[in-house]
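Here is my note on the two-chain model you asked me to look over. Have the viewer open while you read, and follow along point by point.

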Amino acid sequence: MTDDRDDRDERNFQRAAAELRTPSARDDAALDDVLVAIRGEAASRFASDDAGDPTGDWEHARLRRRSRRRGAVWLVAGLAAAVAFAAGLGVGGFAGWRLRGESYRAAMEDLGMRRVPPVVPANVSAGALGVRQPVQFMLVAPAASRVALVGEFNDWDPIATPMARAPGGAWHVALPLADGRHVYAFVVDGSAWVPDPQAPLAPERWFGSRNSVMLVGGGRTQ
Amino acid sequence: MTHAAVEPVGDTGLASRAARGDVDAYELLVRHHHPSCMRYAARMLRDAADAEDAVQDTFMRAYLALSRYDDRQPFRAWLFRILVNRCRTLALQRARRTRRFLNDPVALVNAASPAEEPSERGDAIRRAVDELEPLLREAFLLKYVEEMDYQEMATILGASVSALKMRVKRACDALRPRLREIYDD
């Protein structure tokens, strides 16, 4: 009788353990987060061949995670601002976003782009611009050691589109993009995903993080 | 005659490859151990978001420390040792945070809902385990849920085998009546 009861108790422990092994609905997304962080760390090591203290990179990964999941604002040291514009086209007036004021002008001067016509975001006329137009992305992040552009257009690969640093801490890259809606973000120092603070946030999330959305050729961002 | 390099297989081989810069090997390790790390952290921290933080921190710390991994010990034990410490640290930090928030009605109202639980019975089991003292809970989880032997548990938890057997027994004593109720015995 006692043995029966012991057996039943043991069976209960095993059944409880089996219940506790049931995966959570969040596990897949959490795994993606881990893999992205590890890949980012590996990419940054490869890119910089940095033999210094690795805790800084790890700290970025941790901060990125907090910023995504807690909804906190991740601050790039210094002023972080970004703009997308169609290079070399004099189209003015738009209902989207743009950098304003001294920050933008200083960054543009640093980039040696004083002659570039007024900033045009993605929602410029499709007919005037053609199908695949070069779009310039910029992030002012003086404290960053590397910045990359990620989006649907490069499969969110933090290695695919590194940005170049100009004096003053403006990071930039130009990318030909087809007309339409593009969701994107910046990856700072290999692991911290930063949405464009000057652009609308995309309603959807990738790996739980918020990203920015832009339009090339007109239309709605939402 | 040439011989192709034979790579060792299993966790230890993957860890060795990862330490030499093979990130694909580390990804395999992550994929293999992530589920067990998540369920352990979720029960020890009783919060899905904190568990995800702890697990990501654990894998990142392990990745950065791969060069110090001694392949004479099982990778899982080494990984779980990091995880156990992360969970203990986060639990302490959260205890302080919780005490600060207890008198903050706005924070309590706005707090995120806990992760959804799949069933009433599962909910009851989780509550019963969550109410165990942390030392008993970690021993029960490693023994029953992760099906570790006492020697591996001793490596991870830094306690003697006899002490761990006692903790598991005390955990079972506490759970027994609750589980009888749950399973209608």
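The points below go from confidence, through the interface and cores, to a few local details.

1. **Ground rules.** This is a predicted model, so local features need pLDDT of at least 70 and side-chain atom pairs count only at pLDDT 80 or more, while totals for chains, interfaces and linings use all residues. Residues are numbered from 1 along each chain as its sequence is written, with chains lettered from A and ligands numbered from 1 in the order in which they are written.

2. **Confidence.** The model comes with ipTM 0.81 and pTM 0.55. Chain B has an average pLDDT of 84, and 82% of its residues score at least 70 (pLDDT is the predictor's confidence in each residue, from 0 to 100). Helices here are DSSP runs of H or I with at least four residues, strands are runs of E with at least two, and both are numbered from the N terminus.

3. **Parts of chain B to read with care.** Residues 1-8 of chain B stay under 50 in pLDDT, and the model gives them four contacts beyond four places in sequence. A contact means that two C-beta atoms, placed from the backbone, lie within 7 Å. Residues 99-109 of chain B are also below 50, with two contacts in the model beyond near neighbours in sequence.

4. **The interface.** How many residues of chain B are in contact with chain A? There are 38, and they meet 32 residues of chain A. Helices 2 (23-45), 3 (48-64), 6 (120-130), 7 (134-145) and 9 (161-182) of chain B each supply at least two residues to that side. Helix 3 of chain B gives the largest share, 12 residues. By class, the side of chain B that touches chain A has 23 nonpolar, 12 charged and three polar residues. The nonpolar class is Ala, Val, Leu, Ile, Met, Phe, Trp, Tyr, Cys and Pro, the charged class is Asp, Glu, Lys and Arg, and the others, Gly among them, are polar.

5. **The cores.** The largest nonpolar core has 58 residues, and those with the most contacts inside it are A:Ile38, B:Ala41, B:Val55 and B:Leu83. Such a core is a set of buried Ala, Val, Leu, Ile, Met, Phe, Trp, Tyr and Cys residues joined through C-beta atoms within 7 Å. Buried means 20 or more other C-beta atoms within 10 Å of a residue's own, exposed means 12 or fewer, and partly exposed is in between, with C-beta atoms placed from the backbone. Helix 2 of chain B contributes the largest share of this core, 10 residues. Leaving aside neighbours within four places in sequence, A:Ile38 is in contact with B:Val23, B:Tyr26, B:Glu27, B:Val30, B:Phe59, B:Met60 and B:Tyr63. A second, separate core of 30 residues includes A:Ala141, A:Leu149, A:Phe186 and A:Trp193.

6. **Helix 7 of chain B.** This helix is largely enclosed by the rest of the structure, because 10 of its 12 residues are buried. Among them are B:Leu136, B:Phe140 and B:Tyr144, as well as the charged B:Arg137, B:Glu138 and B:Lys143. Just after the helix, B:Glu147 takes a positive phi of about 55°. B:Glu147 sits in the loop between helix 7 and helix 8 (150-157) of chain B and is exposed, with 12 other C-beta atoms within 10 Å.

7. **Another positive phi.** B:Arg46 is not a glycine, yet has a positive phi of about 60°. B:Arg46 lies in the loop between helix 2 and helix 3 of chain B and counts as partly exposed, with 18 C-beta neighbours inside 10 Å.

8. **Chain A.** Five helices and nine strands make up its secondary structure, and 38% of its 222 residues count as buried. Strand 4 (residues 164-166) and strand 5 (residues 170-178) of chain A run antiparallel and are joined by three bridges (strands pair if DSSP finds at least two bridges between them). One of the bridge pairs is A:Ala164 with A:His172. Three residues lie between the strands of this hairpin, where A:Gly168 takes a positive phi near 100°.

9. **A:Val173.** This strand 5 residue of chain A is partly exposed, with 17 C-beta neighbours inside 10 Å. Not counting residues up to four places away in sequence, A:Val173 touches A:Phe137, A:Leu149, A:Thr161, A:Met163 and A:Ala164.
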